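Colleague: I'm new to this one. Can you take me through it?
Modeller: Ask away once it is on the screen.

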Amino acid sequence: MSRIRTTASAATVAAVLAACLGCGGGSPGGGAGTSADADGATPMEMWIFGELHGVLYEQMADRWNELHPDRAIDLRLTVYPYQDMHNKLQLAANSGAGMPDLADIEVTKFANFVRGDDPPLMDLSAAAEPYREDVVEARLDLYSRGDAVYGYPTHVGAFVTFYNTELLEEAGIDYSTIVTWDDFAAAGAEYHAATGRAFGTANTDVFFVEPLVIAQHGGELFAEDGTVQVDSPEVVRSFEMMQDMVETGAIAPIPGSSPDDEEAYGSIARGDFAAIVYPAWYTSRFVDYMPDLAGKVAIAPAPVVAGSDTLTIGGGGTGTAVAAGSPVRDLAAEWLAFAKLSPEANVAVWEVLGFDPVNMAVWEDEEVTRDPDNQFNQYFTTNLFDVLNQVKDGIEHFESFGSPDLPAVNSRFGTVTLTEIYESGVPAREALEQAQRELKNELRQG
Amino acid sequence: MPALARRLLYSQKLAPYLFVLPFVATLALFWIIPVARSIVMSTQEVMYGQTTSVGMDNYARLWNDGVFWTAMSNSARYMVLSLLLLIPIPMLLAAVVNSRIGSPRVKAFFKASMFVPALTSVVVAGLVFRLMFSESESAVMNQVVQVFGIGPVRWLREDLTGLAALLALAVWRWTGVNTMYFIAGMQSIPGEYYEAASLDGANRRQQFLRITVPNLRPTIVYVTTISVYGGLAMFLESFMLYGGNASPNNQGLTVVGYLYRKGVEQNDLGFASAVGIVLLVAVTAINLTQLTLAGTFRKENVR
Amino acid sequence: MTANALRTRPPARRREPRATRALSVLQSTALVVIALVALVPLVAIFVATFQTGADIMRGGITLAVDPATLGLDNWTMLFTDSGPYFRWFANSLVVTVLQVVGTLLVSSFVAYGFAMYDFRGRTPLFIAVLAIMAVPFEMVMLPLYVQVNEMGLADTYAVIVIPFLAAAVTIFFFRQYFLGVPKEILEAGRVDGVTEFGIFFRLVLPIARPAIAAMAILNGMMCWNNLLWPLLVLRSSEKFTLPIGLNTLITPYANNYGLLIVGSFFSLIPILVLFLAFQRFFVEGMTAGAVKG
């Protein structure tokens, strides 16, 4: 009797342990494997961090399967939060196991995946060939190292300004006269004096707008030899310009620390800010999260530094990549080129996501750009493509975005430097020199 | 039953080793090996599974890294302040609950309500506090301070108010648990001690200071040990409160947060391992000092 | 005043009834006020479940709730259109049950060895238990992750559960408890021909019920709320536990805040039920296992 009870207890322990081992059960292997589905479609695992992107990919997978029934794919999407997805992908890349077949990688994280001679991503240049001449070259450069293209862009992310026309009219400001940053600063100071509210935003956790200004000043974040150089005269001048605007009240820190945050949507919708300089993809945030402002927002080109040829650069972005170790890499690359670079895909990028598509053939297709039923065309008082076509020849590639050390610089600015300059009142030069010292040490360039 | 198995099951000599075997295995597999690996990794640069030895370079970078020292001082001040809050307050509450007067029903309600916050996950607790300490003027904490004519305060954008929010979260979650430890400790103090003291004419305050506190020493040592650990290793509270691992001027960055940022977010496993080793040394040093001062290692206490 | 309170009234009390009663009222009032303050955040999030998620994220939780903005939308969504929420919920239940049952069995097993036997190496091993209690797990987290990945065990529940089966705190606690168990029970068992393990499982474990209750609550609470390690090792979304799942809802890329708020509140329920069910034994168990001088 006693032995039976003891055995039973021991069996319970064993069963619990077995259950623990069993219930995991997943295979840690890379991607979804090669075994085709019952209907012959090739399964592909894809990680993304924006739910809406998934809608687009699913649409493009269905379309691909219609066009190529013999090479059908079965796309298996997993949506993670932004930071988690990149963390998991990095850990997988670094440990050599567990990469999905395809993944969306945000531009400031991209450098983490293309270090060294043997990066974990596949060279996608061959599959891009059929579409290459229509695609904004600066955006492919962003995800290229040498001749190899490691990711396909999602949008141009050209900087534009979103003006709240109602607020500007009340204050007697005509946004169409704002061309340079000096105009912007003057209008902002005037608006602030008249209303007591802020005109534009000073963003403390997203380093987007300042690279635009630095590029317009002809500067970079890294020296010729690739070492970090965030205290160069151009960078200092750019930040001094921004800091001056904080002092005159032309721009002010925004709740949520950047326009792309729930608290910020609330504050913009309430009318606390009248002019948002941000990449073109911000259209979707207005439509999705600030429906109250429909019919009141105009899109205009971003301000420029007087005399600069650089009208805009691409801001933000997502490069979609194929894992070098994926067993289905060739098919994945071919589908991805179709899903991201083809005219068809780019029409969907505009219609589903409201982003400025990288295939410029779409920009001239008036049936698409002037579509009166389009929700973005209905929301804004001006047409995004008019603005894009206006700056088309001035879209430059900001070299620094391709640096392997961009993540470190981005992290430093997004936590400390921007806050110091915009909120703590540390003189721009001092904050930048401090950042330079810290980054040198961090990047082993001291 | 085979003789061998019988000997095994009945042997009083072997039994203890079998009993502690799971712990020995855990110790080796999940502590000693990883710590050893961590020490090795802290002298390497790791990239896509390939390692290069860099000697003490990671430690040198660490030493010169302003952000690391920010994280260290954030963790240290959080630990010290949370010790100052989470030992005296729960002890006092426990003494009140443990006193002979008062309604048992009220006390039961009190104990249950105080413990409930500890049951709340850090995800939920962090979210709720983030929303209570939101900078909007209609958020709870701003409504409270506005009663006193202050604000609205941008709680999580300023260093000290952000720290206050973190401490509020800690006090909210852990007061109940620590109170419970102290109640348990107080209930194991023999009642005769108090009777003797009250015959000697000691009042309640004197009894608390002369009998309760000294006899609670083991509990105090235990709570201090886990609080030193908890304070220095705090990460998720800040992570949830600030909605991520980035905070203005790194005011919410802790040592573990920095380890996470370096190792997981920026994938510098070598550097992150060095951060981990420094943390290990710090926690061990503080706790060893503390335990030695409290006499925990005296022979009779480990038996 | 209840009969019970009358019975336990100490003799000293009769001498100064009025002062004592005043003090007692004061004490009760203070305790109730503190308890209510402690419940404010939970009440606040409960009220927030009836508001629009995006508004909450924008303006924070507020005391001045406009009744007109309240609605049952979030609750309806939770039960009809919450996507993977209940899958996370079920996963968390499975992991928590496995973890709690496993940890209680394994840790009490180990603790019994430390408490009841004298053997070579006991002191250094027990010091190792104490040491682990004071070493942050976060310190070994990254090398352990690398190790687990190499062993091909990433993305399994096994790696979430197994490292914590022999849990230092739980071992420590059970050891304290077993030290108070009379040794005569062991001798009686041996005389009856019960194996050493039989004595533990059949004779000692059953009388450790209060300790088991206390540890079930503490371990259950830690496991149900465990975030960092599972977040690191779990990859497939169909394996996510509730804290990871809720964390995925905090993103500006999709407007899921309504589900986030109501799901957060709903996630409190199982652990509350566990606590209320075992609460009776809880203080008793904590006392029996308390650190003694």
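Colleague: What follows helix 14 of chain B?
Modeller: Helix 14 of chain B is followed by B:Asn267, whose phi is positive, near 60°. Helices here are DSSP runs of H or I with at least four residues, strands are runs of E with at least two, and both are numbered from the N terminus. This is a predicted model, where local features need pLDDT of at least 70, side-chain atom pairs count only at pLDDT 80 or more, and totals for chains, interfaces and linings use all residues. Residues are numbered from 1 along each chain as its sequence is written, and chains are lettered from A and ligands numbered from 1 in the order in which they are written.

Colleague: Why is helix 14 of chain B largely enclosed by the rest of the structure?
Modeller: Because 11 of the 11 residues of that helix, 255-265, are buried. Buried means that 20 or more other C-beta atoms lie within 10 Å of the residue's own, with C-beta atoms placed from the backbone; exposed means 12 or fewer, and partly exposed is in between. Among the buried residues are B:Tyr258, B:Arg261, B:Lys262 and B:Glu265.

Colleague: And what do they pack against?
Modeller: In chain B, helix 4 (66-86), helix 12 (217-232), helix 13 (236-241) and helix 15 (269-293). Helix 3 (82-95) of chain A and helix 8 (137-150) of chain C are also packed against.

Colleague: What about chain B as a whole, how many helices and strands?
Modeller: Chain B has 16 helices and two strands. Of its 303 residues, 48% count as buried. Its C-alpha atoms fill a box of roughly 80 × 70 × 40 Å along the principal axes.

Colleague: How many residues go into the contact between chain B and chain C?
Modeller: Chain B gives 87 residues and chain C gives 81. Two residues are in contact if their C-beta atoms, placed from the backbone, lie within 7 Å.

Colleague: Which helix gives the most on the chain B side?
Modeller: Helix 2 (residues 15-41), with 17 residues. By class, the chain B side has 59 nonpolar, 24 polar and four charged residues. Nonpolar covers Ala, Val, Leu, Ile, Met, Phe, Trp, Tyr, Cys and Pro; charged covers Asp, Glu, Lys and Arg; the others, Gly among them, are polar.

Colleague: Switching to chain A, what are its domains?
Modeller: Domain 1 is 2-156 + 316-364, and domain 2 is 159-313 + 387-442. The bounds come from an automatic or database domain assignment. The C-alpha centres of the two domains of chain A lie 31 Å apart. Their contact takes 18 residues from domain 1 and 19 residues from domain 2.
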